[in-house]
Amino acid sequence: MNSPIAIDRNEILKRYKPIVQHTHKGMQGHALIIGGSYGKIGAMCLASKAALKTGCGLVTAFVPQCGYDIVQIAIPEVMVVTDDHDKYLSEITFHLEPNAIGIGPGMGQKMATQKALHDFLSNTSLPLVIDADALNILAHNSSWVALISPRTVLTPHPKELERLIGKWYSEEEMFSKAVIFSLVNQVVIVMKGAPTYIIDGDAIYVNTTGNAALATAGSGDVLTGMITSLLAQSYKPIDAAILGVYLHGLTADIALPETGHQSFIASSIIENIGKAYLSLEG
Ligand SMILES: NC(=O)C1=CN([C@@H]2O[C@H](COP(=O)(O)OP(=O)(O)OC[C@H]3O[C@@H](n4cnc5c(N)ncnc54)[C@H](OP(=O)(O)O)[C@@H]3O)[C@@H](O)[C@H]2O)[C@@H](O)CC1
Ligand SMILES: Nc1ncnc2c1ncn2[C@@H]1O[C@H](COP(=O)(O)OP(=O)(O)O)[C@@H](O)[C@H]1O
Ligand SMILES: [Mg+2]
(Lines give C-alpha, C1' and ligand atoms only; values in the text may rest on other atoms or scores of the structure.)
(Ligands and ions follow the chains in the order given, each with its own letter.)
Protein backbone atom coordinates (compact mmCIF):
# COMPACT_ATOMS: atom_id res chain seq x y z
CA MET A 1 0.00 0.00 0.00
CA ASN A 2 1.27 3.50 -0.86
CA SER A 3 1.70 5.67 2.22
CA PRO A 4 -1.09 8.26 2.49
CA ILE A 5 -0.50 11.84 1.33
CA ALA A 6 -1.46 14.33 4.08
CA ILE A 7 -4.18 16.79 3.07
CA ASP A 8 -2.76 19.89 4.73
CA ARG A 9 -2.78 23.60 3.93
CA ASN A 10 0.01 23.18 1.35
CA GLU A 11 -1.89 20.48 -0.54
CA ILE A 12 -5.02 22.66 -0.45
CA LEU A 13 -3.30 25.80 -1.72
CA LYS A 14 -2.13 23.81 -4.77
CA ARG A 15 -5.78 23.13 -5.59
CA TYR A 16 -7.82 26.07 -4.27
CA LYS A 17 -9.08 28.52 -6.93
CA PRO A 18 -10.05 31.94 -5.49
CA ILE A 19 -13.16 33.56 -7.00
CA VAL A 20 -12.52 35.85 -9.98
CA GLN A 21 -13.83 39.41 -9.55
CA HIS A 22 -16.00 39.50 -12.67
CA THR A 23 -17.82 36.25 -12.09
CA HIS A 24 -21.62 35.97 -11.94
CA LYS A 25 -23.99 33.36 -10.56
CA GLY A 26 -24.25 31.65 -13.94
CA MET A 27 -20.47 31.16 -14.01
CA GLN A 28 -20.28 29.93 -10.41
CA GLY A 29 -22.00 26.65 -11.26
CA HIS A 30 -25.39 25.07 -10.62
CA ALA A 31 -25.58 22.17 -8.14
CA LEU A 32 -28.54 19.79 -8.06
CA ILE A 33 -29.05 17.87 -4.80
CA ILE A 34 -31.39 14.87 -4.99
CA GLY A 35 -32.85 13.01 -2.01
CA GLY A 36 -35.13 13.30 0.99
CA SER A 37 -38.11 11.30 2.20
CA TYR A 38 -40.84 11.83 4.81
CA GLY A 39 -39.08 12.68 8.09
CA LYS A 40 -35.68 13.15 6.44
CA ILE A 41 -36.08 16.35 4.47
CA GLY A 42 -33.68 17.96 6.95
CA ALA A 43 -30.81 16.08 5.29
CA MET A 44 -31.70 17.85 2.03
CA CYS A 45 -31.92 21.26 3.68
CA LEU A 46 -28.44 20.75 5.15
CA ALA A 47 -26.88 19.49 1.91
CA SER A 48 -28.49 22.22 -0.23
CA LYS A 49 -27.55 25.05 2.12
CA ALA A 50 -24.00 23.71 2.40
CA ALA A 51 -23.75 23.66 -1.40
CA LEU A 52 -24.71 27.34 -1.61
CA LYS A 53 -22.39 28.35 1.24
CA THR A 54 -19.49 26.55 -0.49
CA GLY A 55 -19.81 28.96 -3.38
CA CYS A 56 -21.82 27.65 -6.29
CA GLY A 57 -24.09 30.22 -7.91
CA LEU A 58 -27.32 28.24 -8.03
CA VAL A 59 -28.67 25.26 -6.11
CA THR A 60 -31.76 23.20 -6.85
CA ALA A 61 -33.13 20.54 -4.49
CA PHE A 62 -35.07 17.60 -5.96
CA VAL A 63 -37.33 16.19 -3.21
CA PRO A 64 -40.63 14.32 -2.79
CA GLN A 65 -43.63 16.65 -2.58
CA CYS A 66 -43.69 16.63 1.24
CA GLY A 67 -40.35 18.43 1.10
CA TYR A 68 -41.47 21.36 -1.04
CA ASP A 69 -42.56 23.83 1.67
CA ILE A 70 -39.87 22.70 4.07
CA VAL A 71 -36.95 23.43 1.74
CA GLN A 72 -38.49 26.64 0.36
CA ILE A 73 -39.04 28.03 3.85
CA ALA A 74 -35.79 26.79 5.37
CA ILE A 75 -33.57 28.12 2.56
CA PRO A 76 -35.23 30.67 0.27
CA GLU A 77 -32.08 30.91 -1.88
CA VAL A 78 -32.52 27.28 -3.01
CA MET A 79 -34.86 26.35 -5.88
CA VAL A 80 -37.02 23.25 -5.46
CA VAL A 81 -38.26 20.65 -7.95
CA THR A 82 -40.53 17.85 -6.75
CA ASP A 83 -41.09 14.21 -7.59
CA ASP A 84 -44.68 13.07 -8.33
CA HIS A 85 -44.74 11.11 -5.08
CA ASP A 86 -45.52 12.73 -1.74
CA LYS A 87 -43.26 10.85 0.67
CA TYR A 88 -40.37 9.37 -1.32
CA LEU A 89 -38.68 9.63 -4.71
CA SER A 90 -40.20 7.54 -7.48
CA GLU A 91 -38.89 9.08 -10.71
CA ILE A 92 -35.95 11.45 -11.06
CA THR A 93 -36.71 13.70 -14.03
CA PHE A 94 -35.96 17.42 -14.28
CA HIS A 95 -35.70 20.10 -16.93
CA LEU A 96 -32.55 21.89 -15.87
CA GLU A 97 -28.90 21.75 -16.75
CA PRO A 98 -26.92 21.45 -13.54
CA ASN A 99 -23.12 21.30 -13.60
CA ALA A 100 -22.97 18.65 -10.87
CA ILE A 101 -25.33 16.44 -8.88
CA GLY A 102 -25.26 15.04 -5.34
CA ILE A 103 -27.64 12.17 -4.59
CA GLY A 104 -28.65 10.20 -1.51
CA PRO A 105 -29.10 12.31 1.65
CA GLY A 106 -32.26 11.26 3.47
CA MET A 107 -33.47 9.42 0.36
CA GLY A 108 -34.64 6.13 1.95
CA GLN A 109 -34.60 2.82 0.13
CA LYS A 110 -38.20 2.20 -1.04
CA MET A 111 -38.43 -0.08 -4.10
CA ALA A 112 -39.69 2.81 -6.25
CA THR A 113 -36.72 4.91 -5.09
CA GLN A 114 -34.34 2.07 -5.96
CA LYS A 115 -35.75 1.92 -9.49
CA ALA A 116 -35.55 5.71 -9.78
CA LEU A 117 -31.86 5.55 -8.82
CA HIS A 118 -31.23 2.80 -11.38
CA ASP A 119 -32.82 4.86 -14.17
CA PHE A 120 -31.05 8.02 -13.03
CA LEU A 121 -27.61 6.35 -13.03
CA SER A 122 -28.32 4.86 -16.46
CA ASN A 123 -28.97 8.30 -17.89
CA THR A 124 -26.48 10.71 -16.30
CA SER A 125 -22.88 11.41 -17.10
CA LEU A 126 -22.61 14.65 -15.10
CA PRO A 127 -20.08 15.04 -12.27
CA LEU A 128 -21.71 13.20 -9.38
CA VAL A 129 -21.48 12.60 -5.62
CA ILE A 130 -23.20 9.48 -4.28
CA ASP A 131 -23.93 9.34 -0.53
CA ALA A 132 -26.05 7.74 2.17
CA ASP A 133 -29.10 5.76 0.96
CA ALA A 134 -27.97 5.95 -2.67
CA LEU A 135 -24.85 4.04 -1.55
CA ASN A 136 -26.97 1.57 0.41
CA ILE A 137 -29.14 0.93 -2.67
CA LEU A 138 -25.99 0.32 -4.73
CA ALA A 139 -24.78 -2.13 -2.09
CA HIS A 140 -28.07 -4.08 -2.44
CA ASN A 141 -27.78 -4.08 -6.23
CA SER A 142 -24.05 -4.50 -6.81
CA SER A 143 -24.34 -4.87 -10.61
CA TRP A 144 -25.60 -1.26 -10.78
CA VAL A 145 -22.11 -0.02 -9.82
CA ALA A 146 -21.26 -0.56 -13.51
CA LEU A 147 -23.75 2.22 -14.36
CA ILE A 148 -21.74 4.85 -12.47
CA SER A 149 -19.79 7.30 -14.66
CA PRO A 150 -16.01 7.34 -14.24
CA ARG A 151 -14.68 9.83 -11.65
CA THR A 152 -17.88 9.81 -9.58
CA VAL A 153 -17.23 10.58 -5.90
CA LEU A 154 -18.63 8.12 -3.32
CA THR A 155 -18.79 9.30 0.33
CA PRO A 156 -19.43 6.26 2.58
CA HIS A 157 -19.12 6.22 6.38
CA PRO A 158 -17.60 2.95 7.69
CA LYS A 159 -20.92 1.03 7.73
CA GLU A 160 -21.83 2.17 4.22
CA LEU A 161 -18.31 1.25 3.04
CA GLU A 162 -18.68 -2.22 4.55
CA ARG A 163 -22.04 -2.70 2.79
CA LEU A 164 -20.37 -1.67 -0.48
CA ILE A 165 -17.04 -3.53 -0.41
CA GLY A 166 -17.72 -6.26 2.17
CA LYS A 167 -16.28 -6.90 5.65
CA TRP A 168 -12.59 -6.45 6.36
CA TYR A 169 -10.57 -7.97 9.19
CA SER A 170 -7.64 -5.54 9.31
CA GLU A 171 -7.01 -1.95 8.30
CA GLU A 172 -4.68 -3.21 5.58
CA GLU A 173 -7.47 -5.35 4.11
CA MET A 174 -9.89 -2.38 4.25
CA PHE A 175 -7.49 -0.23 2.23
CA SER A 176 -6.74 -2.99 -0.25
CA LYS A 177 -10.46 -3.64 -0.87
CA ALA A 178 -11.16 0.09 -1.22
CA VAL A 179 -8.26 0.59 -3.66
CA ILE A 180 -9.45 -2.35 -5.79
CA PHE A 181 -13.03 -1.00 -5.77
CA SER A 182 -11.75 2.43 -6.81
CA LEU A 183 -9.55 1.02 -9.59
CA VAL A 184 -12.14 -1.41 -10.99
CA ASN A 185 -14.99 1.12 -10.97
CA GLN A 186 -12.88 4.23 -11.61
CA VAL A 187 -14.44 6.10 -8.70
CA VAL A 188 -13.06 8.38 -5.99
CA ILE A 189 -13.91 7.05 -2.51
CA VAL A 190 -14.15 9.43 0.45
CA MET A 191 -13.84 7.02 3.39
CA LYS A 192 -15.40 9.15 6.12
CA GLY A 193 -14.23 8.69 9.68
CA ALA A 194 -11.64 9.96 12.11
CA PRO A 195 -9.58 10.64 10.10
CA THR A 196 -11.17 10.64 6.65
CA TYR A 197 -9.19 8.96 3.87
CA ILE A 198 -9.68 9.61 0.16
CA ILE A 199 -8.89 6.82 -2.29
CA ASP A 200 -8.25 7.60 -5.94
CA GLY A 201 -7.03 4.38 -7.52
CA ASP A 202 -3.84 3.50 -5.69
CA ALA A 203 -3.34 7.05 -4.41
CA ILE A 204 -4.43 7.44 -0.78
CA TYR A 205 -4.90 10.82 0.97
CA VAL A 206 -5.48 11.42 4.68
CA ASN A 207 -7.22 14.54 5.98
CA THR A 208 -5.59 16.58 8.76
CA THR A 209 -8.56 18.75 9.85
CA GLY A 210 -11.62 17.99 11.95
CA ASN A 211 -12.41 16.69 15.42
CA ALA A 212 -15.03 14.76 17.37
CA ALA A 213 -17.47 17.68 17.22
CA LEU A 214 -18.30 16.39 13.72
CA ALA A 215 -19.83 13.24 15.24
CA THR A 216 -23.32 14.72 14.93
CA ALA A 217 -26.43 14.07 12.81
CA GLY A 218 -26.25 15.49 9.32
CA SER A 219 -22.54 16.27 9.17
CA GLY A 220 -22.13 13.84 6.26
CA ASP A 221 -25.10 15.40 4.47
CA VAL A 222 -23.33 18.76 4.72
CA LEU A 223 -20.15 17.24 3.24
CA THR A 224 -22.14 15.94 0.26
CA GLY A 225 -23.45 19.44 -0.44
CA MET A 226 -19.94 20.91 -0.15
CA ILE A 227 -18.29 18.44 -2.54
CA THR A 228 -21.16 18.74 -5.04
CA SER A 229 -20.79 22.53 -4.93
CA LEU A 230 -17.06 22.28 -5.69
CA LEU A 231 -17.75 19.91 -8.61
CA ALA A 232 -20.32 22.41 -9.93
CA GLN A 233 -17.59 25.08 -9.72
CA SER A 234 -15.47 22.96 -12.10
CA TYR A 235 -13.07 21.42 -9.61
CA LYS A 236 -11.81 18.01 -10.75
CA PRO A 237 -13.47 15.21 -8.73
CA ILE A 238 -10.33 14.39 -6.72
CA ASP A 239 -9.73 18.09 -5.96
CA ALA A 240 -13.39 18.63 -5.00
CA ALA A 241 -13.17 15.65 -2.62
CA ILE A 242 -9.88 16.83 -1.08
CA LEU A 243 -10.90 20.48 -0.70
CA GLY A 244 -14.41 19.59 0.52
CA VAL A 245 -13.16 17.22 3.21
CA TYR A 246 -10.47 19.69 4.35
CA LEU A 247 -12.85 22.69 4.62
CA HIS A 248 -15.52 20.54 6.33
CA GLY A 249 -13.04 19.49 9.03
CA LEU A 250 -11.61 22.99 9.33
CA THR A 251 -15.04 24.41 10.26
CA ALA A 252 -15.04 22.23 13.37
CA ASP A 253 -11.48 23.23 14.29
CA ILE A 254 -12.41 26.92 13.93
CA ALA A 255 -15.68 26.64 15.88
CA LEU A 256 -14.50 24.37 18.70
CA PRO A 257 -13.23 27.11 21.05
CA GLU A 258 -16.68 28.77 20.89
CA THR A 259 -19.05 25.80 20.76
CA GLY A 260 -17.20 23.01 22.53
CA HIS A 261 -17.75 19.51 21.19
CA GLN A 262 -21.26 19.06 22.49
CA SER A 263 -23.14 22.05 21.09
CA PHE A 264 -21.57 21.90 17.63
CA ILE A 265 -24.21 20.65 15.16
CA ALA A 266 -24.32 20.16 11.39
CA SER A 267 -25.59 23.72 10.92
CA SER A 268 -22.46 24.92 12.75
CA ILE A 269 -20.39 23.43 9.91
CA ILE A 270 -22.38 25.49 7.40
CA GLU A 271 -22.05 28.65 9.54
CA ASN A 272 -18.26 28.32 9.57
CA ILE A 273 -17.57 27.56 5.89
CA GLY A 274 -16.90 31.26 5.28
CA LYS A 275 -14.24 31.42 8.01
CA ALA A 276 -12.67 28.22 6.69
CA TYR A 277 -12.34 29.78 3.21
CA LEU A 278 -10.99 33.04 4.67
CA SER A 279 -8.24 31.12 6.47
CA LEU A 280 -6.99 29.98 3.05
CA GLU A 281 -6.66 33.56 1.85
CA GLY A 282 -4.57 34.78 4.81
N1 LIG B 1 -31.91 15.39 9.71
C2 LIG B 1 -31.94 14.41 8.78
O3 LIG B 1 -32.83 14.39 7.92
C4 LIG B 1 -30.91 13.36 8.82
C5 LIG B 1 -30.96 12.33 7.89
N6 LIG B 1 -30.01 11.38 7.80
C7 LIG B 1 -30.16 10.38 6.75
O8 LIG B 1 -30.56 9.18 7.36
C9 LIG B 1 -30.26 8.10 6.50
C10 LIG B 1 -29.56 7.02 7.29
O11 LIG B 1 -28.21 7.41 7.55
P12 LIG B 1 -27.37 6.84 8.76
O13 LIG B 1 -25.95 7.05 8.42
O14 LIG B 1 -27.84 7.47 10.02
O15 LIG B 1 -27.75 5.31 8.84
P16 LIG B 1 -26.94 4.00 8.48
O17 LIG B 1 -26.48 3.97 7.08
O18 LIG B 1 -27.73 2.82 8.92
O19 LIG B 1 -25.65 4.12 9.40
C20 LIG B 1 -25.74 4.15 10.80
C21 LIG B 1 -24.80 3.14 11.38
O22 LIG B 1 -23.53 3.22 10.75
C23 LIG B 1 -22.51 3.02 11.68
N24 LIG B 1 -21.59 4.15 11.64
C25 LIG B 1 -21.86 5.41 11.23
N26 LIG B 1 -20.78 6.18 11.33
C27 LIG B 1 -19.81 5.40 11.82
C28 LIG B 1 -18.46 5.62 12.16
N29 LIG B 1 -17.87 6.83 12.00
N30 LIG B 1 -17.74 4.59 12.61
C31 LIG B 1 -18.31 3.37 12.75
N32 LIG B 1 -19.61 3.09 12.45
C33 LIG B 1 -20.33 4.10 11.99
C34 LIG B 1 -23.17 2.84 13.02
O35 LIG B 1 -23.28 1.45 13.20
P36 LIG B 1 -23.11 0.74 14.65
O37 LIG B 1 -21.80 1.25 15.18
O38 LIG B 1 -24.28 1.22 15.43
O39 LIG B 1 -23.11 -0.70 14.31
C40 LIG B 1 -24.55 3.42 12.84
O41 LIG B 1 -25.55 2.80 13.61
C42 LIG B 1 -29.39 8.68 5.38
O43 LIG B 1 -30.21 8.89 4.24
C44 LIG B 1 -28.94 10.01 5.93
O45 LIG B 1 -28.69 10.94 4.89
C46 LIG B 1 -28.86 11.37 8.70
O47 LIG B 1 -27.80 11.96 7.99
C48 LIG B 1 -29.13 12.10 10.00
C49 LIG B 1 -29.81 13.44 9.81
N1 LIG C 1 -14.81 11.68 15.72
C2 LIG C 1 -14.77 12.29 14.54
N3 LIG C 1 -13.67 13.01 14.15
C4 LIG C 1 -13.64 13.63 12.96
N5 LIG C 1 -14.64 13.57 12.04
C6 LIG C 1 -15.73 12.85 12.36
C7 LIG C 1 -15.86 12.18 13.60
N8 LIG C 1 -17.08 11.56 13.63
C9 LIG C 1 -17.68 11.84 12.45
N10 LIG C 1 -16.88 12.63 11.70
C11 LIG C 1 -17.19 13.13 10.34
O12 LIG C 1 -18.56 13.49 10.29
C13 LIG C 1 -19.16 13.04 9.08
C14 LIG C 1 -20.26 12.01 9.40
O15 LIG C 1 -20.87 11.59 8.22
P16 LIG C 1 -22.16 10.63 8.25
O17 LIG C 1 -21.92 9.49 9.17
O18 LIG C 1 -22.52 10.36 6.85
O19 LIG C 1 -23.24 11.61 8.93
P20 LIG C 1 -24.79 11.85 8.58
O21 LIG C 1 -25.26 10.68 7.76
O22 LIG C 1 -25.47 11.94 9.91
O23 LIG C 1 -24.87 13.11 7.81
C24 LIG C 1 -18.02 12.48 8.25
O25 LIG C 1 -17.47 13.49 7.42
C26 LIG C 1 -17.01 12.05 9.30
O27 LIG C 1 -15.67 12.03 8.83
MG1 LIG D 1 -24.41 10.02 6.01
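This section describes the overall dimensions of the protein and the packing of helix 8 against helix 9.

The structure is a predicted model. The protein contains 11 helices and 10 strands. Its C-alpha trace extends over about 45 × 45 × 40 Å along the principal axes. The radius of gyration is 17 Å, which agrees with the value near 19 Å that a compact globule of 282 residues would have. Of these 282 residues, 50% count as buried. Among contacts with a separation of 6 or more, 71% are made by residues 24 or more positions apart.

Two packed helices are described by the angle between their axes and the distance between the axes. For helix 8 (residues 219-232) and helix 9 (residues 237-259), the axes come within 8 Å of one another and cross at roughly 140°. Helix 8 is therefore oblique to helix 9, since angles must be over 145 degrees to count as roughly antiparallel. The crossing of helix 8 past helix 9 is right-handed.

On the side of helix 8, the contact is formed by Val222, Leu223, Met226, Ile227, Leu230 and Leu231. These residues meet Pro237, Ala240, Ala241, Leu243, Gly244, Val245, Leu247 and His248 of helix 9. By residue class, the contact comprises 12 nonpolar and two polar residues, with no charged residue.

Conventions
Residues are numbered from 1 along each chain as its sequence is written. Chains are lettered from A and ligands numbered from 1 in the order in which they are written. This is a predicted model: local features need pLDDT of at least 70, side-chain atom pairs count only at pLDDT 80 or more; totals for chains, interfaces and linings use all residues. Axes are lines fitted to C-alpha atoms, for helices over the stretch in contact, and angles run from 0 to 180 degrees between N-to-C directions. Helices (H or I, at least four residues) and strands (E, at least two) are DSSP runs, numbered from the N terminus. Angles under 35 degrees count as roughly parallel, over 145 as roughly antiparallel, 65 to 115 as roughly perpendicular and the rest as oblique. A crossing is left-handed if the near helix is turned anticlockwise from the far one by less than a right angle, and right-handed if clockwise. Two residues are in contact if their C-beta atoms, placed from the backbone, lie within 7 Å. Ala, Val, Leu, Ile, Met, Phe, Trp, Tyr, Cys and Pro count as nonpolar, Asp, Glu, Lys and Arg as charged, and the others, Gly among them, as polar. The radius of gyration is taken over C-alpha atoms; the globule rule is 2.2 Å times the number of residues to the power 0.38. A residue is buried if 20 or more other C-beta atoms lie within 10 Å of its own, exposed if 12 or fewer, and partly exposed in between; C-beta atoms are placed from the backbone.
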